[in-house]
Amino acid sequence: MRQLSKLESIIYLLGGIMMVAGAGFYAFFIIQHVACWIMLIGALAFVLMQSRQRYDGSSLTIRRLRKIMTIAGFGFIIAGFFMVEDSYMFLRPVFSNTAEGYTTYVNIFHHNWVILLLISAILEMYTSHRISYELKKELQ
């Protein structure tokens, strides 16, 4: 695996901290209109730096795990967008022309960022542990 530079590692760490802080603040109703943006910016920084860690080896298992990790990263970003939408309701006028449209809007966006974040976090934990195990196995 390609190692990140010192600056990239700092951005990666800050992105992760911002994601956790943003999600925590939002979940506990602390400055929600700011916390959603903190989560989204943190997710973008985290995923961008994670994508810069390339795997140049030939292990199909690690390549597959990296693809799953990419899907988890997109899940983090979409969860951030859903959190912003849940807070600001930018798309609500598009859906709320009818009662059925409003129901659709609520079913799609209302607090569903939690599910996306949970699924992405589980995938991220699984793939990071498996990749470290596979890299150790590859070195031996």
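**View 1. Trp 37, Ile 41, Tyr 88, Phe 90, Leu 91 and Val 94 make a nonpolar surface patch of about 580 Å².** Patch members have over 30% relative accessible area and no salt bridge, with nonpolar side chains (Val, Leu, Ile, Met, Phe, Trp, Tyr) joined within 5 Å; accessible areas come from the Shrake-Rupley method with a 1.4 Å probe. This is a predicted model, in which local features need pLDDT of at least 70, side-chain atom pairs count only at pLDDT 80 or more, and totals for chains, interfaces and linings use all residues. Residues are numbered from 1 along each chain as its sequence is written, and side-chain values use heavy atoms, leaving out hydrogens and water. Look for Ile 41 in helix α2 (residues 32-52); helices are DSSP runs (H or I, at least four residues) numbered from the N terminus. Ile 41 is partly exposed, because its relative accessible area is 47% (buried is under 20%, exposed over 50%, partly exposed in between).

**View 2. Arg 2, Glu 8 and Arg 52 are linked in a network of salt bridges.** A salt bridge here is a side-chain nitrogen of Lys or Arg within 4 Å of a carboxyl oxygen of Asp or Glu. Glu 8 lies in helix α1 (residues 6-27) and, with a relative accessible area of 9%, is buried. Between Glu 8 and Arg 2, the closest N and O atoms are 3.5 Å apart, while Arg 52 meets Glu 8 at 2.5 Å, N to O. This second pair links distant parts of the chain, with Arg 52 in helix α2 and Glu 8 in helix α1, 44 residues apart. A polar atom of the Glu 8 side chain also lies 2.9 Å from the backbone nitrogen of Ser 5.

**View 3. Glu 134 and Arg 130 form a salt bridge in which the closest N and O atoms are 2.9 Å apart.** The two are separated by about one helical turn because they sit four residues apart in helix α6 (residues 113-139). Glu 134 is buried at 8% relative accessible area, whereas Arg 130 is partly exposed at 24%.

**View 4. Arg 66 is buried yet has no salt bridge.** Find Arg 66 in helix α3 (residues 60-88). The nearest side chain of opposite charge, Glu 124, is 7.0 Å away (Lys and Arg count as positive, Asp and Glu as negative; His and the chain ends are not counted). Instead, follow the Arg 66 side chain to the backbone oxygen of Gln 50, reached at 3.2 Å.

Technical notes
Buried means under 20% relative accessible area, exposed over 50%, partly exposed in between (1.4 Å probe, protein chains only). A polar contact is a pair of N or O atoms within 3.5 Å; within protein, one must be able to donate a hydrogen and the other to accept it, and residues adjacent in sequence count only if both atoms are side-chain atoms. Patches are made of residues with over 30% relative accessible area and no salt bridge: like charges are joined within 9 Å, nonpolar side chains (Val, Leu, Ile, Met, Phe, Trp, Tyr) within 5 Å.
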